[in-house]
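Have the model open while you read.

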Amino acid sequence: MAKRNIFRSVAAVLAFGMCMTGLAGCGSEKRADGKTEIEVVSYKPEAVKAFEKIEKRFNETHDDIHLTISSPNEAMTILKTRFIREDYPDIIAIGGDINYSNFLDADLFDDISDLDEVQTVKQAYLDMDKELEFIPKDGTYALPYVANAAGILYNKDLFEENGWKVPTTWQEFTALCDEIKQSGTLPLYLGFKDTWTCLAPWNALAVGLTDSDTCNQVNMGNTTFSDTYGPVAEKMRALLDYAEKNPYAYGYNDACTAFARGESAMYPIGSYAIPQIKSVNPDMNIGSFTFPANDEESDNVLNSGIDLQFSVMKACKNKEAAYEVLKYLYEDETIQIYLDDQGGIACKDGDFAIPETLEDMRPYIENNRMADYQDHHYPSEMSVDAMIQTFLLDTSDNAQEKFLKKFDSDWKRYNRDLIRKVQDYQKEQGDAQ
């Protein structure tokens, strides 16, 4: 049975029980003061101060709408529980990942393509949301707000002192690593004890070496991971030659600390690691460049994903008020409040500052040379991070072949219903034509 049918079957049973007890969800209800209540639930508790400021400013400037933004811990678990109970907020603020895909597939979101602000979103981020659709849908179902970027962090002072240049091709990158190694400095720190860190360089390499819709192409039966992920796996293994001995003995915190102390010149991780690094060395001069995965610079792609976006629930009873909230959230001044608190890249076209640490990525951001994290399409049950770590630990001659075959077989195992749905859709489209 497809996920959507399971979701609705459970929801139907619980909804019946709620109807009998009078506990149905509210959403967009009128308050005692006559104002329309709009509830936003965000999955980012770390941004609570920014949202409190935004909420306060909105409520001070609107007489007919009251905005409440909550950012609870374990927000995704809370949201899924509320959805099953049909107790929906009006708007949810989540990332552009597999959760968004599942919620969209369950038909929970309203089409907001008639919202003017959609026309001001950088095209790359609209494209990312489209690629997160299991089955192509007409319309727009999220308003991308802020994105992040991942490539390679580097110690700018070390680079300047030694005359090292930021590489723009794979050959330049490996030559730089060799030069740094010969100087007595460790080129890279990996910290692969925490398996999730294996996905950072994997994603950053994959966006430049494979098509952004690879996972969907596999679902359609047009290719396999064995056919597409070979170069990614090969270059992942090549990183080991330039990293700490036994990177599986050191975790994320170890890697951040080592990089902060100058034990390596570079660290292949996302910009989200910078606060942790600066907690060890507040004065560290950090830069970040796009992973140069290709032989030609023009083929490189920046790994960037939607960190936060807003979706209006279909159950929202006052779409006009919800749109008023989205319009306010998308004002330049409001976006800047969030950026000043949390950093990141504005998904809206406009004159927004790019964090100094991401300055080397500016040409990619301004020219929409960006693609989403491949792991945003991976089911969590598949544990791809652990698979990558196991592959890197395997020193046998056919390690890569075994890894890619397992990737293909596990993908079919954990995406059986989705693959059937995609291929049924293809057949329906073919029959219609």
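1. The largest pocket comes out at about 970 Å³. Pocket here means an open set of points on a 1 Å grid over the protein atoms alone, where a 1.4 Å probe fits, with protein on both sides within 12 Å along at least five of seven lines; lining residues have an atom within 4 Å of a point. Its lining runs to 34 residues, and Asp97, Ile98, Leu199, Asp375 and His376 sit closest to the centre.

2. Before going on: this is a predicted model, where local features need pLDDT of at least 70 and side-chain atom pairs 80 or more, while totals for chains, interfaces and linings use all residues. Numbering starts from 1 along each chain as its sequence is written, and side-chain values use heavy atoms, without hydrogens and water.

3. By class, the lining of the largest pocket splits into 15 nonpolar, 9 polar and 10 charged residues. Domain 1 (33-148 + 305-355) and domain 2 (149-304 + 374-424) both contribute to this lining, so the largest pocket lies between them.

4. The second largest pocket has a volume of about 520 Å³. Of its 25 lining residues, Ser271, Pro275, Gln342, Gly343 and Gly344 are nearest the centre. Domain 1 and domain 2 both give residues here too, so the second largest pocket also lies between them.

5. Now the helix pair. Helix 11 (residues 230-239) packs on helix 17 (residues 384-393) at about 65 degrees, with axes 10 Å apart. Ala233, Met236 and Arg237 of helix 11 meet Ile388, Phe391 and Leu392 of helix 17 (contact: heavy atoms within 4.5 Å). That contact has 5 nonpolar, no polar and 1 charged residue.

Technical notes
Axes are lines fitted to C-alpha atoms, for helices over the stretch in contact, and angles run from 0 to 180 degrees between N-to-C directions. Helices (H or I, at least four residues) and strands (E, at least two) are DSSP runs, numbered from the N terminus. Ala, Val, Leu, Ile, Met, Phe, Trp, Tyr, Cys and Pro count as nonpolar, Asp, Glu, Lys and Arg as charged, and the others, Gly among them, as polar. Grid points are joined across faces, edges and corners, and a volume is the space filled by probe spheres set on the points. Domain bounds come from an automatic or database domain assignment.
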